[in-house]
Amino acid sequence: MSTSRTLTEAQSVYLDFLRALAAWAVLLGHASMVFSQYTLLEDLNIASIAVLVFFLLSGFLISLSVVQKWSDTRYDFLNYLIDRFCRVFCAYIPALVLILAADYY
């Protein structure tokens with residue numbers, strides 16, 4: 001039995017698709033709670049399940065990324081922190097600016 005530490009292109013696209021679906025389900029679940037008194041989404045608890053799926057997939061993909069880079073002697077904890085910081089804040093800062101601008105107006 002051989003163990004592979006890489007994903008095929010199809011596997012990667014599939015996992016990204018599942019994460020996108022989970023993120024949309026969370027968004028729809030929150031929106032349904034804000035804009036409606038009662039919905040089927042609330043009854044089925046879709047948003048909570050989607051949060052679990054999103055975090056499980058994200059944790060798996062982050063772990064896989066670290067395992068793939070582990071053999072490189074130049075990859076250390078500082079590189080990991082820089083990589084995580086850039087991935088989070090490259091999306092967070094523009095979103096924060098957009099929210100601040102929308103809140104201002």
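Asp-16 and Arg-19 both sit in helix 1 (residues 9–35). Three residues, about one turn of the helix, separate them. Helices here are DSSP runs (H or I, at least four residues), as strands are (E, at least two), and both are numbered from the N terminus. The side chains of Asp-16 and Arg-19 meet in a salt bridge, at 3.6 Å from N to O. A salt bridge means a side-chain nitrogen of Lys or Arg within 4 Å of a carboxyl oxygen of Asp or Glu. Asp-16 is partly exposed, because its relative accessibility is 37%. The classes are buried (under 20% relative accessible area), exposed (over 50%) and partly exposed (in between), with a 1.4 Å probe and protein chains only.

This is a predicted model, in which local features need pLDDT of at least 70 and side-chain atom pairs count only at pLDDT 80 or more, while totals for chains, interfaces and linings use all residues. Residues are numbered from 1 along each chain as its sequence is written, and side-chain values use heavy atoms, with hydrogens and water left out.

Ser-58 belongs to helix 3 (residues 46–69). Is Ser-58 buried or exposed? Ser-58 is buried, because its relative accessible area is 9%.

Now move to Lys-69. Lys-69 forms a salt bridge with Asp-83, with the closest N and O atoms 3.5 Å apart. Lys-69 lies in helix 3 and Asp-83 in helix 4, so the pair ties together parts that are 14 residues apart in sequence. Lys-69 is partly exposed, at 32% relative accessible area. Arg-84 joins in as well: Lys-69, Asp-83 and Arg-84 are linked in a network of salt bridges.

Another salt bridge joins the side chains of Arg-74 and Asp-72, at 3.3 Å from N to O. Arg-74 is exposed, with a relative accessible area of 65%. Asp-72 is partly exposed, at 31%. The salt-bridge count comes to four.

At 31% relative accessibility, Phe-89 counts as partly exposed.

Step back to the whole chain. There are four helices and zero strands. The radius of gyration is 18 Å, well over the 13 Å that the globule rule gives for 105 residues, so the chain is more spread out than a compact globule. That radius is taken over C-alpha atoms, and the rule is 2.2 Å times the number of residues to the power 0.38. The C-alpha trace spans about 55 × 40 × 20 Å along its principal axes. Of the 105 residues, 16% count as buried.

Finally, confidence. The mean pLDDT, the predictor's confidence in each residue from 0 to 100, is 86 for the chain. Confidence is highest in helix 4, at a mean of 92, and lowest in helix 2 (residues 40–44), at 67.
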